[in-house]
Amino acid sequence: MASRFAISHLFCEGKSCGFETPAGYNILEKKQSMAFKSVLSVTGAHHSDKDVTIAAGLCAEGGASLSVLIMGSPPLCGSMPEWPKRHAAAIARLEKRYRQIEKFSHDMAILEKTSRDIQELLGALWNCYDVDTEFCDQACVGDAVRRRALCSDLTIVGPALLNDIDLGPLVINGSLFDTGKPVLVVPKGAEATLSPRRVLVGWDSRVEASRAVREALDLLSGAEEVRLTLVDPEVTCTRNGTEPGADIAAYLTRHGARVSVDRLPSAGKPTATVLAQHAIDTSANMIVMGAYGSRRLRERLFGGVRRWIEAKPPLPLFLAR
């Protein structure tokens, strides 16, 4: 049976989340960073505090509230199976149960310590946050993340979570696929920001790409340069139009974005490879694109994102579906 329980800690100093805008930020940057007022960060009990530190920095950049969800191992089952009649089997069952209790107590202590450490860290870095701890089996992780992502503007997937092949896909499921809310993937070595100066948008006239553009609209309108990039676009009357990319470029321009359209040949290379190379060539600070895949392909998507990021320059990847 799926099971979970949670412990919550909330702290918000004053009547609102106070922050100081760093020197050098212009009005456009301030406007777009303010679009994300509630940010979710999910981390494992055994992860480092790197992901939370990244999320706290992003919140400080835009004056957002940070919600941290720390995931622990599942609790013990509520009931025990029928007790064995043979003495040796009964002793073995009892010893196994004792080891389970010891492990659970150990995991609970780690989770509580992680929670205290994160609260202490956030107390020094930021003044508006809440911290939840949950013991969840795999069947409940997605639901636990979904409930919180529904009440957040953006979920941050940091390096530690990205490297966790067990927890990572479940968090992606709950935050991205089950809510329609965007996710910002920040790989190791990437400069995390909600005020990118140069953004590459992967566009293919699909619903997922449109959703990504809409969710990143304030971010794009605050950038100095937006490169709308199409790979092997087909000129059609029903999909791309007679001038591929012109319609979405006009849409972004109406919202104040500084847009240029790049139509690139793949030359037989994967689209992701072409986009990554173009991001290097244009000195992009972030890539915005749609997240594709059916429910059965979500873990494959997560693995693909990991492989794509590990093999490419470390840039934040803004995803929406």
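How many salt bridges does a search of the whole structure find?

## Overview

The search finds 12 salt bridges, a salt bridge being a side-chain nitrogen of Lys or Arg within 4 Å of a carboxyl oxygen of Asp or Glu. The model is predicted, so local features need pLDDT of at least 70 and side-chain atom pairs count only at pLDDT 80 or more, while totals for chains, interfaces and linings use all residues. Residues are numbered from 1 along each chain as its sequence is written, and side-chain values use heavy atoms, with hydrogens and water left out.

## A pair within helix α3

Asp117 and Lys113 form a salt bridge, with 2.8 Å between the closest N and O atoms. Both lie in helix α3 (residues 87-125), four residues apart, which means about one helical turn separates them. Helices (H or I, at least four residues) and strands (E, at least two) are DSSP runs, numbered from the N terminus.

Asp117 is partly exposed at 35% relative accessible area, and Lys113 is partly exposed at 45%. Here buried means under 20% relative accessible area, exposed over 50%, and partly exposed in between (1.4 Å probe, protein chains only).

Arg147 forms a salt bridge with Glu134, the closest N and O atoms being 3.2 Å apart. This pair links distant parts of the chain, 13 residues apart: Arg147 is in helix α4 (residues 138-149) and Glu134 in strand β4 (residues 128-136). Arg147 is partly exposed at 33%, whereas Glu134 is buried at 1%. Both belong to a network of salt bridges that also links Asp132, Asp143, Arg146 and Arg148.
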